[in-house]
Amino acid sequence: MGLSRGPELTPTASETSFRDEVICVCYRITGAEILGAINEGAKSLEDLQHKTRVATRCMGCEVFVEELLAEFAPMADGSRQGLRRWIRRHGTWRVVEAVRKFRWDLRKWWDPTRLATWVSEEPRMHTRLVMANLGLPDQPARDAYFSYELRDEEGTRVHKGRTRIRPNQLWIAEIAAMLREAGIRTPWAGLFFLELPQVLGSRRFYVHWYNDVSLTSTHEKYPVSRRKHEGYWTLSKVVADDRFETHIALANMDHRPYVTHMVLMTLDGQVRGSTRVTLPPLGSVFKGVRDFFCKQEPNFRDDLVLYLDNPIQPIMFYYFVLDRERGAWQGQHL
Amino acid sequence: MAGPTSLIDYYIPLYSWVREGQGVHTRINLTPSLFSRDAKKRFRAVIRLYAGGRTAVLTHETEELGLNRALRLEVAELLAKAGRHEIDGLLEITTYRLGVPPDKPRFLESWCDIWSEDGRLSVSIPTLPYMGGKQVLHSKSQVMPGVASRADLATWVLQLNPTGRPISFTLTVFSAQGDRRQSPRLRVAPMGVYLERLDRVVPDLEAHLRPGGGFGSLLVEGDYKLMGYTLMEHLKGNQMTCLDHTAFFYNA
């Protein structure tokens, strides 16, 4: 099987289903997964082997994978220069074909940066977003324009907007105000997405989760889908007693459903509980560990570690420890 | 101490803040499974504690770790072995794989929990590679949106210097409207820690930030890169439950 080259190779029925075709029969890796990895920056066979395990066993697909790389890696770096080089080499018509055949998302050449976080509005926890737009002496700030949206736990978009931050100014947004504007009643929790059509500079946003007695803060995350680590997300602060309880916020930043397993283990590897978690596309969940494990582990002792399987999907994982006596939250990303 | 035979066997060192004494404690959590699904991979870590000098005050080699073997270390117990009871300094973790060279990623992420006996302080801090790995803190300029100075909130600045020479820096706080106010030139000792409440080094900060509800943006400019963090203290609730790293200038 080869890639279509030249005008005589108009996509055929089999090529249009390329995305679903299994390229690597050893590990059942599809064309979509390979293109996804190229799309996210794989530039060499080694990169692809590391990201997807393609061409690492019988090597029968190596030639085809290298052909894919040669054709699409220069175009997939997300820069306008990369696109121009690709067009010079292949011709404008091939862009149209590539978009149709491989479902390229052309928005990437406008260099949007997507950032996201999990937000909550309830009597015990409010959410505030803060975003800077600072400059440096050799890198003055420009006006920052961006669009944003809120997605509920099921992943449905419930609110969207656009705004601008002047140089050196600070954007402060209370989720409660956004929900009021959207006519949504609280309590409410979901995802906040931000799309910024410029390089980041200092334009990162941080999240304050706060109430009358505490404020805990951390940063948003990039919804990238690369498999960064081969292991498990881990959380060592797993407590659940009369006073403290760990809560977990899981958010699926992918347009596919997210299915994972959470396992509670002791330090020496004895399993104390496990549960399956399913999230809809762009959906989220926030629960105490007792609820996640349905009371499988009645004594959350001090020697437990929570393991969250880490498949090739963009997710966010925050944890919060509630001190019921003080009413305070301590939160952190993983 | 049995260890790797060459430098290439070592993973990239990770650094974090460590504090012990006067009712404050630190616990180190090491979970190799964050980067491994292979039950045969075995790791060992060398933990060093620094207290503002180039020589470690304590060096400790862990037992074997692996996919199903995590580790918790109480800093108080480690210090007791060295005859010390207090430290406010740097933690360095260098991991190596037993028998085989490291694979990607070349570090094992681990976390420190820092808390106080009176319940006021409870934070977690990730250990981070200073160079060569995860590019979280790779710029000389750092940003933290949302620093605060008002009746119920105060921000503390934490800077770690994992190098063998002093590093100087300034703190500039921008109000929500973009006006700036700057600290004098500050300094972190080699392998040392700088921790100070922001309104004690930036003059008249509360009035400066009042138009934005008490919030502003912090810019840290060092003459070399530093590992930067902020803590948020809730003065009304008498709680400090927030510690996170700053953001770097992505395209600087």
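Two strands count as paired if DSSP finds at least two bridges between them. The model described here is predicted.

**Sheet in chain A**

On that basis, 4 strands of chain A form an open sheet. Their order is β7-β4-β9-β10, and the pairing is antiparallel. β7 (170–174) and β10 (215–219) of chain A are the edge strands, each pairing on one side only. From one strand to the next, the twist averages 20°.

Inside this sheet, β4 (residues 126–132) and β9 (residues 205–210) of chain A run antiparallel, joined by 6 bridges. A:Thr127 stands opposite A:Trp209 in β9(A).

**Helix α3 of chain A**

Helix α3 of chain A spans residues 45–52. Its buried residues are A:Leu48, A:Lys51 and A:Thr52. They lie on the same side of α3(A), because they cover an arc of only 75° around the axis. Just after α3(A) comes A:Arg53, with a positive phi of about 70°.

**Contact between the chains**

Chain B puts 48 residues in contact with 47 residues of chain A. On the chain B side, several strands give two or more residues each, including β6 (71–74), β8 (110–116) and β9 (122–126) of chain B. Further along, β11 (141–150), β17 (215–222), β18 (227–234) and β19 (239–245) of chain B do likewise.

The table divides the chain B residues that touch chain A by class.

| Class, chain B side | Residues |
|---|---|
| Nonpolar | 20 residues |
| Polar | 21 residues |

Note on methods
Residues are numbered from 1 along each chain as its sequence is written. Chains are lettered from A and ligands numbered from 1 in the order in which they are written. This is a predicted model: local features need pLDDT of at least 70, side-chain atom pairs count only at pLDDT 80 or more; totals for chains, interfaces and linings use all residues. Two residues are in contact if their C-beta atoms, placed from the backbone, lie within 7 Å. Ala, Val, Leu, Ile, Met, Phe, Trp, Tyr, Cys and Pro count as nonpolar, Asp, Glu, Lys and Arg as charged, and the others, Gly among them, as polar. A residue is buried if 20 or more other C-beta atoms lie within 10 Å of its own, exposed if 12 or fewer, and partly exposed in between; C-beta atoms are placed from the backbone. The arc is that of the directions from the helix axis to the C-beta atoms. Axes are lines fitted to C-alpha atoms, for helices over the stretch in contact, and angles run from 0 to 180 degrees between N-to-C directions.
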